[in-house]
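Subject: Structure handover

Hello,

Here is the structure I promised to pass on. Please open it and keep it beside you while you read my notes.

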Amino acid sequence: MPSIPRSIAEDSARSDAMSSPSFSPLYAQIKALITAKLQSGEWKAGDLIPSELDLAKRFGVSQGTVRKAIDEMAAENLLVRRQGRGTFVATHAEQKVQYRFLRLMPDEGSESLERQLLDCRRQRATAVIARALQMRSGDAMVEVRRLLSSKGVPVVLDDIWLPGDLFKGLTSERLNLHRGPFYGLFEREFGVQMIRAEEKIRAVAADAASAQLLQVPVGAPLLSVERLSFTYGDKAVELRRGLYSTTSHFYRNELN
């Protein structure tokens, strides 16, 4: 393995991600350093990051090593390359990224789902939600409920829980004024960027409350999707439980 230049060693001392550099290939160390810059807010969502040449000089490595790190981060949707313009921090406000966590597709064609906010309130976290969000039971949280509809017909009932300390000031008014996806609002106004998610999917029967909201019979089959979303440093920052009506939609995933 190549020795670590002094510039990398100095940066690694400031980065938790580089606590054991001897066990990572050089490009992975550069990736960790760039990620640390994103996590610290030095480069924010939508920002243009320095060129590969500038980063190579900054970290004391070859341009090829930087390119490999950026290639991997682009594949993970952390960065976005734009021909002739440079490399930017990925943002959920961008069209190609904004719906990548929503996998419900219509049986025919494509569409943007309409959003109806049902509730937004501050609550105390239950033990189950606190455990998922790495909080303490009773800590402040924000609870959001919304419906997503296709041509006026409800297809998704979402319940969303967020840590209260990260989302101070999030209200129904702010959510209703925002026209794009919630994740775009979260990163722009609260500095919280969702970069990956884990999901659990199971089949359930609609109870009376969900059946009324989704306009389906009680006992109708629904797809339950529980998503835990993370920001940098693998910090859980959103728990979401969605009930999906698949009468005219299906859940789509790509396996690589």
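How many helices and strands does the secondary structure of the chain come to? The count is 9 helices and 10 strands. Helices (H or I, at least four residues) and strands (E, at least two) are DSSP runs, numbered from the N terminus.

Before you go on, note the ground rules. This is a predicted model, in which local features need pLDDT of at least 70 and side-chain atom pairs count only at pLDDT 80 or more, while totals for chains, interfaces and linings use all residues. Residues are numbered from 1 along each chain as its sequence is written, and side-chain values use heavy atoms, with hydrogens and water left out.

**The whole chain**

The chain has 256 residues, and 44% of them are buried. Buried means under 20% relative accessible area, exposed means over 50%, and partly exposed is in between (1.4 Å probe, protein chains only). The chain exposes about 13700 Å². Carbon and sulfur atoms supply 49% of that area. Accessible areas come from the Shrake-Rupley method with a 1.4 Å probe; for residues, only the protein chains shown count as cover.

Now the contacts, meaning heavy atoms within 4.5 Å. Take those with a separation of 6 or more: 58% of them join residues 24 or more positions apart.

**The cores**

A nonpolar core is a set of buried Ala, Val, Leu, Ile, Met, Phe, Trp, Tyr and Cys residues joined through side-chain atoms within 4.5 Å. The largest one has 20 residues. Ile 30, Ile 34 and Leu 55 have the most contacts inside this core. Helix 2 (26-40), helix 3 and helix 4 (63-75) each supply at least two of the core's residues. Helix 2 gives the largest share, 5 residues.

A second, separate core has 17 residues. Among them are Leu 175, Phe 182, Tyr 183 and Phe 190.

Back to Leu 55. Leaving out residues up to four places away in sequence, Leu 55 touches Ile 34, Trp 43, Ile 49, Pro 50, Val 66 and Ile 70.

Which residues of helix 3 (residues 52-59) are buried? They are Glu 52, Leu 55, Ala 56 and Phe 59. Seen down the axis of helix 3, these buried residues fall within an arc of 105°, so they line one face of the helix. The arc is that of the directions from the helix axis to the C-beta atoms. After helix 3 comes Gly 60, whose phi is positive, near 70°.

Leu 26 is in helix 2. Leu 26 is buried, with a relative accessible area of 16%. Leu 26 and Thr 65 are 39 residues apart in sequence, but 7.1 Å apart in space, C-alpha to C-alpha.

**The aromatic rings**

The structure holds 5 aromatic pairs. Rings of Phe, Tyr and Trp (its six-membered ring) pair if their centres lie within 6.5 Å; planes under 30 degrees apart count as stacked, over 60 as edge-to-face and the rest as tilted.

Phe 167 and Phe 186 form an edge-to-face pair, 4.9 Å centre to centre, with 70° between the planes. Phe 167 lies in the loop between strand 6 (153-163) and helix 7 (172-177), and Phe 186 in helix 8 (residues 182-190), so the pair ties together parts that are 19 residues apart in sequence. Phe 167 is buried, at 0% relative accessibility. Phe 186 is buried too, at 1%.

Tyr 183 and Phe 186 form a tilted pair, with 6.1 Å centre to centre and 45° between the planes. These two are 3 residues apart in helix 8, so about one helical turn separates them. Tyr 183 is buried, at 5% relative accessibility.

Which residues form one aromatic cluster? Phe 167, Phe 182, Tyr 183, Phe 186 and Phe 190 do.

Two charges sit over rings, meaning that NZ of Lys or CZ of Arg is within 6 Å of the ring centre and within 35 degrees of the ring normal. Lys 68 lies over the face of Tyr 27, at 4.4 Å from the ring centre. Arg 146 lies over the face of Phe 182, at 4.5 Å.

**One more residue**

Pro 181 is in the loop between helix 7 and helix 8. Pro 181 is buried, at 12% relative accessibility. Pro 181 and His 92 are 89 residues apart in sequence and 7.3 Å apart in space, C-alpha to C-alpha.

Best wishes
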